Amino acid sequence: MSEFLDLEVQDGIRMPWNVIPGTKQETVNCVIPVSAIYTPLKSIPDIPVLPYAPLRCRMCRSILNPFSIVDYVAKIWVCPFCFQRNQFPQHYSSISENNLPAELFPQYTTVEYISSTETSPIVPPVFIFVVDTCMIEEEIGYLKSALAQAVELLPDNSLVGFITFGTYVQVHELGFGLLPKSYVFKGTKEVTKEQILEQMCFFAGKKMPTTGVIAGTRDGLSSESISRFLLPASECEFVLNSVIEEIQKDPWPVPADQRASRCTGAALSVAANLLGVCVPGSGARIMAFVGGPSTEGPGSIVSKSLSEPIRSHKDLDKDSAPLYDKAVKFYDQIAKQLVHQGHVLDLFACAVDQVGVAEMKVAIEKTGGIVVLAESFGHSVFKDSLLRIFQSTDDNLGLSFNGILEINCSKDVKVQGIIGPCSSLEKKSPLSSDTVIGQGNTSAWKMCGLDRKTSLCLVYDIAKKDGPDSIGQSTSNQFYFQFLTYYQHNEGQMRLRSTTISRRWVSGDNNELVAGFDQEAAAAVMARLVSFKMETEVDFDPVRWLDRALIRICSKFGDYQKETPSSFSLSPRLSIFPQFIFNLRRSQFVQVFNNSPDETAYFRMMLDRENVANAVVMIQPSLVSYSFQSGPEPVLLDATAIASDKILLLDSYFTVVIFHGVTIAQWRNAGYQDQEGHEVFAQLLKSPHEEANLIIKERFPVPRLVVCDQYGSQSRFLLAKLNPSVTYNSDNPSPGGDVIFTDDVSFQVFMDHLQRLAVQ
C-alpha cells in the first residue's frame with residue numbers, strides 16, 4: 001500500500017490499476033475501469049514554481065515534461081503523447097545533460113507555472129452572502145453572530161455583497177453609508193439581467209446601450225455603479241456589520257397551518273445575475289445560508305400547506321413529487337449560467353427539516369461549491385465550518401477560482417468522463433470516448449471553485465485492440481497521462497499546474513495486474529460509480545451490481561480449485577477489497593432507507609469531491625479501542641469490539657463517536673476520575689477526546705461529535721456501522737458485549753457466499 005501513498009504525495013494521483021490492462025477486452029474483464037482520482041491542487045512539499053511560460057508541443061499542445069525524449073545536440077524534444085519533434089526556443093539554448101530546466105528533472109513530475117504580474121493583474125475574490133430571514137428569532141441570532149465573525153476574517157481586498165430574502169428578495173446597497181438602503185424584488189418570479197440593470201439604476205442618468213452584452217467594467221458599466229453593491233471588505237466593514245446586526249425575521253405573517261413563504265430560487269437567481277452583470281469571469285462565490293424549504297417562486301420544493309409533507313425517496317421513486325423535476329431544471333439553468341460566468345454556489349443548509357439540497361445539487365456540484373448540512377445555525381458543525389473557510393492557518397482550504405482542467409494521454413487511451421465537482425466544456429477531441437460517464441464528451445473541464453482537497457475521478461477507456469497488427473501499434477509498454485490545471489490562486493494570480501505520470505501496461509498477465517492493484521482507490525472509484533448510476537439509471541439495483549462486480553473480480557484474480565470453496569484465497573493486494581464492498585453495500589451511499597433525499601445528496605456530493613483516504617473512511621469507518629490493558633489500538637468494525645470495560649472511537653467521516661462501555665460509564669458517573677489514585681482512569685477518559693479533536697481539527701466540513709454510553713439511545717450511531725456478527729439470533733453472545741438487532745447478513749456469511757459463487 002505504501003508505494004501508492006508515496007505516488008500520491010508526489011503527484012496527488014491514485015489509480016486502482018497501477019499496471020494497466022493493455023487491451024479493450026482485458027479492461028472489460030477487469031471489471032473496475034482504468035481510472036484515476038486526481039487532486040489538482042494537493043499541497044505538495046517542495047513543488048517547483050516556475051516564473052516563465054510552459055513549453056508546449058506544436059501538435060497536441062501537451063507541456064514539456066520529464067518523460068519527453070531530449071536530443072541535447074540538435075536542441076529537439078520529442079513529445080511522449082504524439083511523438084512530434086519540437087525545436088527548443090532560443091532561451092533554452094544553454095540546455096545540456098548537466099544543465100536541465102526544472103520541468104525535465106525526473107523527480108519533478110508535477111510543476112507549477114506562474115504568470116508574471118505584468119501580464120495578469122491580481123484579481124480580488126468576490127463573496128456575496130445570500131441570507132434567509134424566514135426563521136425563528138433564536139436561529140437568526142445564531143446566524144448573525146456567525147456571519148459577524150466570518151466578515152471579520154474576509155481578506156481585506158475581497159469584494160462583498162449582501163442579499164437577504166424571505167417573501168421578497170432584498171439587495172442591500174452597501175456603498176450608501178448614510179442610511180440602510182436596499183432594492184426589493186418579488187419572490188414569485190425569476191429576475192433577468194435586464195431587469196437588474198434597469199431596476200437597480202446601473203445607468204442612472206444615462207441611456208442604457210441597446211445592443212451588445214453588458215458585463216462588468218470592460219463592457220459598459222462604470223466602476224462606481226458596481227461599487228454600490230460590491231465593495232472591498234476593508235471599506236464597508238461598518239455598513240456590513242450594521243446590516244447584519246439589523247437582520248430581522250421576515251415580517252410577513254405566517255398562518256399556523258402553513259410554511260413560511262421563502263423564495264430561495266429567486267434570491268439565488270438575483271445573486272447570479274448581479275454577479276453576471278458586475279464581475280463576469282472573475283472568481284466569485286455566492287454563499288447561501290438557508291434555514292428551511294423553498295415554498296415560493298422558481299425552484300420551490302413544496303407547497304406552503306403543512307398538510308403536504310416534503311418529498312421523500314419513496315416519492316421520488318414513484319414520481320409523486322410534482323415540484324422536483326421543475327426545481328432541478330431551474331437549478332440546472334442557474335448552474336449553466338454560473339459556469340458560464342465562472343462563479344461558485346456554496347450552500348449552508350441548517351434546519352431540522354429538508355431545505356432542497358437534492359434539487360440544488362446540480363448547481364453546487366457543477367460549480368465546485370462547498371456544502372454544509374447541519375441541524376441548526378448554532379451547531380458547531382456549521383459555525384466551525386464557516387470559520388474554517390476563511391481562516392488562514394497552515395491547513396486552510398486554499399480556495400481557488402476559475403479552474404480549467406485539460407488532459408492529454410497516449411493515443412490508445414480515451415477519456416469517458418469525470419465524476420466530481422466540475423462541468424464539461426464540450427471540447428470534443430480524439431481523446432474523448434464514445435461512452436460517457438459523468439461529465440464527458442470533452443477533454444477540458446471547467447472548475448469554477450476548487451480547493452486543496454477537491455478530487456476528481458477520471459474514467460478512462462483503453463482503445464487498443466487485440467490482434468496481429470496491435471504489435472506494431474506502440475513500441476513502448478508505457479501509457480502517459482498529463483493533467484493541466486489553469487486556475488486563479490487564492491492569492492489572486494493565475495497559475496498553471498502540470499502533472500505528468502506514466503504507467504506500464506501488460507497483456508494477459510494477471511499476476512502483474514494484481515501487483516499494481518490499489519484496493520483503496522478501487523473502493524473509492526466503485527463508490528463514485530455506484531452513486532452516479534443510482535442517480536442516472538432507471539431501475540438500477542446497486543447491491544446486485546456491486547455483488548456481481550465483486551464475484552467477477554474474485555473469480556478472475558482469486559486462487560482456487562474449481563467447485564471447492566474452501567480452497568479459495570485472495571492475494572494480500574486484494575484481500576481487503578471484499579470487506580470494502582461489504583461496507584459499501586451497507587453505507588448511506590447505497591442504502592437510502594432512513595435518510596432524506598437531502599442527506600443522500602449531501603453524502604454523495606462529499607464522496608464525489610474527497611480524496612481516496614477520506615472516501616475510504618466514509619465507506620468503511622475506522623474504529624479504535626481504548627482500554628486499561630493496552631494503548632489505543634485499531635480494531636475490526638465488528639459487534640465483538642464492544643466490551644463493558646473499553647472506550648471505542650468511531651470515525652465515519654461525517655460523525656465521530658466516542659462510545660463508553662457500561663462499566664466505564666458507571667465509574668465515570670460515580671466520579672472516580674476526580675479522585676486521587678485514579679489518574680490512569682482520568683487519562684483513559686481523556687485520550688479518545690484528544691484524538692477526536694485532532695480529527696475534527698483537520699476535516700472539512702467539521703464532523704458531528706457524538707459522546708454516548710453503551711445501551712444509551714445515541715449508541716445507535718456506532719451500532720449501525722458495525723458488522724452484525726452478534727445479532728439477536730446468535731446462540732451465545734459474549735458477556736459484556738452488545739447484540740445488534742438486525743436481519744442483515746454478517747461479513748462471515750457474505751464471504752462464504754462469495755467464495756461459493758466465485759469458484760463456480
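This is a predicted model: local features need pLDDT of at least 70, side-chain atom pairs count only at pLDDT 80 or more; totals for chains, interfaces and linings use all residues.

Let me begin with the second largest pocket, which is lined by 35 residues, and those nearest its centre are Tyr 324, Met 534, Glu 535, Thr 536 and Arg 604. Residues are numbered from 1 along each chain as its sequence is written, and side-chain values use heavy atoms, with hydrogens and water left out.

A pocket here is found on a 1 Å grid over the protein atoms alone, as an open set of points where a 1.4 Å probe fits, with protein on both sides within 12 Å along at least five of seven lines, and its lining residues have an atom within 4 Å of a point. The volume of this second largest pocket is about 1,200 Å³, where grid points are joined across faces, edges and corners and the volume is the space filled by probe spheres set on the points. Its lining divides into 16 nonpolar, seven polar and 12 charged residues; Ala, Val, Leu, Ile, Met, Phe, Trp, Tyr, Cys and Pro count as nonpolar, Asp, Glu, Lys and Arg as charged, and the others, Gly among them, as polar. Among the elements that each supply at least two residues of this lining are α9 (324-341), α14 (519-536) and α17 (597-607); helices (H or I, at least four residues) and strands (E, at least two) are DSSP runs, numbered from the N terminus.

For residues 518-616, an unreviewed UniProt entry lists "domain: Sec23/Sec24 helical", given in the numbering used here, with feature names shortened and annotations that may be inferred rather than shown by experiment. Over that stretch the chain is 61% helix and 0% strand, and the end C-alpha atoms are 12 Å apart.

Now to the charges: how many salt bridges are there, if we require a side-chain nitrogen of Lys or Arg within 4 Å of a carboxyl oxygen of Asp or Glu? The count comes to 27. One of them joins Arg 497 and Glu 112, whose closest N and O atoms are 2.8 Å apart, and this pair links distant parts of the chain, with Arg 497 in strand β23 (residues 494-506) and Glu 112 in strand β8 (residues 110-114), 385 residues apart. Is Arg 497 buried or exposed, taking buried as under 20% relative accessible area, exposed as over 50% and partly exposed as in between, with a 1.4 Å probe and protein chains only? Arg 497 is buried, at 6% relative accessibility, and Glu 112 is buried too, at 2%.

Glu 512 and Arg 504 also meet in a salt bridge, at 2.7 Å from N to O, and here Glu 512 is partly exposed at 27%, as is Arg 504 at 30%. Elsewhere, salt bridges that share partners join Glu 8, Arg 14, Asp 518 and Glu 520 into one network.

Finally, two buried places. Helix α11 (residues 380-390) is largely enclosed by the rest of the structure, because eight of its 11 residues are buried, including Phe 382, Leu 386 and Arg 388. Val 31, in the loop between α2 (24-29) and β3 (35-38), is buried at 19% relative accessible area. Leaving aside residues up to four places away in sequence, Val 31 touches Ala 549, Arg 552 and Ile 553, where contact means heavy atoms within 4.5 Å.
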